[in-house]
Each structure stands twice: as C-alpha cells, then as structure tokens.
Amino acid sequence: MEILNRLKQLRNEDFIWIIYFFIATFALLSNVFERDFVLTKNSNSFKKSKTINVIIFFVAFFIYLYFVLLFTSNLNNMERNFNNAKYRNTFLQLIAALLFLVGGAIYLMQEILTNEVDEIGFG
C-alpha cells in the first residue's frame with residue numbers, strides 16, 4: 001500500500017511541476033505588463049500585472065499548503081523518533097514547507113494590499 005501512496009504523491013508532484021511551468025510563463029507575462037506600466041504609466045497594464053501576480057501567489061499558496069499537509073500526514077504515519085533519519089528528514093521538510101507557506105502568504109497579502117501605482121516594483 002505504501003508504494004501506491006508514493007506513486008500517487010509522485011503523480012501529484014508531476015501535476016505541480018506542470019503548474020510551476022504555467023506560473024513561470026505567467027510571471028514573465030506579468031513582467032511584460034509591469035515593464036509597460038513603468039515605461040508608459042498605463043494603469044491598465046498595472047492592473048493586469050497585479051491580477052496575474054495575485055493569481056500566481058494564490059496558486060503557489062495552495063501548492064505550499066499541499067506540501068504542508070502531505071508532510072504532516074507522513075509524519076503522523078511514522079514512529080516519532082528523531083534518531084530515525086527518515087523521520088528527521090520528513091520533519092525538516094515540514095519546517096521548510098511551513099516557511100514557504102508563510103512566505104507565500106506574506107507575498108499574497110502584500111500583492112493584495114498594494115493598491116498604489118507608485119508602490120509597484122522596488123524603486
């Protein structure tokens with residue numbers, strides 16, 4: 001049964017990699033709109049860039065949430081023993097996934113709360 005669960009996880013991860021491909025593509029598109037805004041001050045380009053970024057961070061948040069739930073489930077199905085390398089590695093993966101989830105949530109909130117056209121970008 002463990003083999004079937006691992007194969008299911010790998011299939012889900014394949015799907016996530018496909019989603020990452022689309023995330024990268026839309027991030028490039030968002031940069032095109034942001035570049036247009038920086039050069040022309042076209043507010044429509046700003047809105048498109050912002051919408052794409054919110055969608056990207058929203059999708060990424062749920063990807064990170066999936067990994068948090070996956071690692072939590074894996075840990076719950078293991079004997080709690082930090083001397084076991086597999087348990088310790090899964091625990092560390094959970095911590096990393098939690099940090100990505102928190103970071104993703106912060107980026108998502110920042111993108112949602114940034115309403116001013118002057119706040120876009122770093123300068």
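Patches are built from residues with over 30% relative accessible area and no salt bridge, joining like charges within 9 Å and nonpolar side chains (Val, Leu, Ile, Met, Phe, Trp, Tyr) within 5 Å. Accessible areas come from the Shrake-Rupley method with a 1.4 Å probe, and for residues only the protein chains shown count as cover. A salt bridge puts a side-chain nitrogen of Lys or Arg within 4 Å of a carboxyl oxygen of Asp or Glu.

The model is predicted: local features need pLDDT of at least 70, side-chain atom pairs count only at pLDDT 80 or more, and totals for chains, interfaces and linings use all residues. Residues are numbered from 1 along each chain as its sequence is written, and side-chain values use heavy atoms, leaving out hydrogens and water.

**Exercise 1.** Find the residues that make the nonpolar surface patch.

Step 1: pick out Ile18, Phe21, Phe22, Phe26, Leu29 and Val32, which make a patch of about 570 Å².

**Exercise 2.** Track down the two salt bridges.

Step 1: lysine 86 pairs with glutamate 2 at 3.7 Å, N to O. That pair ties helix H3 to helix H1, across 84 residues of chain.
Step 2: arginine 6 pairs with glutamate 13 at 3.8 Å, N to O.

**Exercise 3.** Check the span of helix H3 (residues 85–113).

Step 1: take 1.5 Å times one less than the number of residues.
Step 2: the 29 residues should therefore span 42 Å, and the end C-alpha atoms agree, lying 42 Å apart.

Terms used: Helices (H or I, at least four residues) and strands (E, at least two) are DSSP runs, numbered from the N terminus.
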